[in-house]
Amino acid sequence: MILLLFIFTLAAFLGFELISKVPSQLHTPLMSGSNAISGITIVGALVATAGTANSTFATVLGAAALVLATINVIGGYMVTDRMLAMFKKKGDK
Amino acid sequence: MNPSIVNFVYIVASVLFIFGIKMLGKAETARKGNAISAVGMLIAVVVTLFDRQILDFADAYSWAILGGSLALGVIIGAFAAKKVKMTSMPEMVALLNGFGGLASLLVGWADYYFKAVANSAAVDTFTKIATVAAVVIGGITFTGSVYAWGKLSGKISGRAKVYAGQKLVNGFVALVTLVAAISFSAWPDSNIAYYALIASVVLSLLLGVVAVMPIGGGDMPVVISLLNSLSGLAASAAGFVIQNNVLIVAGCLVGASGVILTVIMCKSMNRTLGNVLFSGFGSSSSKGAQKVDGEMKAISTDDAYYVLEAAQNVVFIPGYGMAVAQAQHAVKELAEILENNGAEVNFAIHPVAGRMPGHMNVLLAEADVPYEQLKEMEEANRILETADVAIVIGANDVVNPAAAEDKGSPIYGMPIIEAFKAKTVFALKRGKGTGFSGLENSLFFRPNTRMIYGDAKATVNELVSKFKDK
């Protein structure tokens with residue numbers, strides 16, 4: 001448990017350091033790209049769905065979480081890619 | 001699969017996320033960064049499927065549920081991502097973010113229900129705290145995001161909704177939510193604790209709505225960024241619940257970087273986060289602001305054409321109105337014609353123009369405007385000093401001189417694009433209404449400003465055809 005908190009704290013500092021200087025044109029893709037990463041809860045949903053076979057209600061909750069998290073992940077990455085594909089320099093095609 | 005292999009792969013996935021976010025911060029590497037973080041996500045999911053915890057319990061029935069849910073999510077997510085219009089991107093991100101929050105809520109709920117209610121197992125206090133954190137933060141993220149989505153897509157009014165005693169009510173809801181969360185964490189009896197958890201679910205959903213209600217549509221970018229940060233924290237809390245490192249790390253990365261992004265946005269409006277969240281900004285028109293004298297003078301596209309034809313230096317200042325009118329392609333065409341006509345053409349992008357930071361950049365990039373022409377505020381203001389014509393397309397508050405001049409104005413102090421410095425200002429606008437903040441814009445009353453009323457796309461197209469006819 002202490003170890004988990006330790007990891008959490010380090011990750012927080014890393015996160016603060018990662019994006020100090022981002023040009024404003026990239027704010028939207030950055031937001032949507034990190035939004036896709038927060039879909040990592042998909043892993044939690046997998047565990048919650050599969051590990052609860054003897055309780056139908058828990059499985060239903062888990063499956064709903066899985067569908068939503070998957071939409072978040074797939075939609076998030078694809079939307080971000082669509083946006084970034086549009087940034088090109090003059091003359092690029 | 002050996003748990004240490006699983007954890008090792010989770011470490012690899014975490015590293016990929018870190019590189020992904022880092023690379024997303026640079027224009028040249030952003031697309032690759034997104035792909036790298038997607039690979040991290042993929043291997044995290046695949047290794048989880050092979051995890052002992054899942055294989056041991058899974059029979060054909062639960063594999064069908066897993067496969068079915070994944071497939072359904074992939075189809076809906078891919079379909080939505082393909083179909084969504086570039087102009088509706090902010091709403092889309094808000095909605096996706098809400099889904100992520102709700103997923104974390106459900107993970108926490110399912111975990112506790114399975115352990116304590118279905119199998120009467122003891123759950124330690126630390127796990128309970130993490131559970132209720134995932135539930136409450138996830139719940140606020142969900143309804144807050146959906147409410148923001150409604151405001152952005154125009155399904156509900158973008159105006160801030162304030163009423164007497166609102167802060168008291170919101171504070172009360174927050175307090176009761178906290179009491180429910182603490183009761184859940186502290187109560188030894190699992191049945192009573194479960195009721196407290198259900199209460200936390202309902203209250204957090206309510207809290208998301210009441211918290212976003214008093215925030216005006218113009219501040220939605222900040223809200224979405226903050227909610228994005230929260231959905232990361234909710235995922236991180238869910239990671240503590242199921243003792244999973246990759247959830248903790250990835251969720252926390254998003255949480256922390258989201259906070260930084262939120263602060264950057266607030267700074268560009270010269271406001272504090274507290275002011276954005278609690279001031280009810282944009283609820284009434286011109287409270288305490290000076291009355292604007294003079295009248296708005298309209299100009300026909302014929303006359304505007306002659307001015308543009310002679311212009312040597314033109315700056316476009318796009319705002320949300322350009323997105324609404326879907327005018328970006330027409331604008332790009334006009335910009336090209338002006339360039340061929342010998343004029344220097346630039347685009348002045350305010351950091352919070354539109355409904356998300358960088359919203360205008362995305363739209364103009366869609367229309368193939370090279371990003372060297374997109375100038376950030378400081379540089380744009382230098383160019384504007386010598387500009388012949390500034391064309392304001394559906395932007396309002398970000399060009400309002402009151403921010404620099406009128407101490408009574410609620411947006412006083414916000415850095416603006418100084419459109420008024422140009423020799424002539426054309427403002428393309430649908431009507432005489434106020435901007436998203438509900439403020440009258442004194443720029444439109446200045447002697448060097450001419451209004452061109454009508455749909456921005458139609459107006460720009462008219463100007464384009466006038467150039468082509470000559």
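Two residues are in contact if their C-beta atoms, placed from the backbone, lie within 7 Å. By that criterion, the contact between the chains takes 97 residues from chain B and 76 residues from chain A. The structure is a predicted model: local features need pLDDT of at least 70, side-chain atom pairs count only at pLDDT 80 or more, and totals for chains, interfaces and linings use all residues. Residues are numbered from 1 along each chain as its sequence is written, while chains are lettered from A and ligands numbered from 1 in the order in which they are written.

Helix α5 (residues 89–118) of chain B gives the largest share of the side of chain B that touches chain A, with 18 residues. Helices (H or I, at least four residues) and strands (E, at least two) are DSSP runs, numbered from the N terminus. By class, this side of chain B has 62 nonpolar, 28 polar and seven charged residues. Ala, Val, Leu, Ile, Met, Phe, Trp, Tyr, Cys and Pro count as nonpolar, Asp, Glu, Lys and Arg as charged, and the others, Gly among them, as polar.

Chain B is divided into domain 1 (90–283) and domain 2 (301–469), with bounds from an automatic or database domain assignment. The C-alpha centres of the two domains lie 37 Å apart.

Two helix pairs were examined in chain B. α5(B) and helix α6 (residues 125–152) of chain B pack at about 155°, with their axes 7 Å apart. Axes are lines fitted to C-alpha atoms, for helices over the stretch in contact, and angles run from 0 to 180 degrees between N-to-C directions. α5(B) is therefore roughly antiparallel to α6(B) (angle over 145 degrees). The crossing of α5(B) and α6(B) is left-handed, meaning that the near helix is turned anticlockwise from the far one by less than a right angle. Their contact has 15 nonpolar, ten polar and two charged residues.

The axes of helix α9 (residues 220–241) and helix α10 (residues 245–268) of chain B come within 7 Å and cross at roughly 160°. α9(B) and α10(B) are therefore roughly antiparallel to each other. Their crossing is left-handed. The contact residues divide into 16 nonpolar, ten polar and no charged.

Chain B also holds an open sheet of six strands, in the order β3-β2-β1-β4-β5-β6, with parallel pairing. Two strands pair if DSSP finds at least two bridges between them. The edge strands, β3 (374–376) and β6 (449–453) of chain B, each pair on one side only.

Conventions:
Angles under 35 degrees count as roughly parallel, over 145 as roughly antiparallel, 65 to 115 as roughly perpendicular and the rest as oblique.
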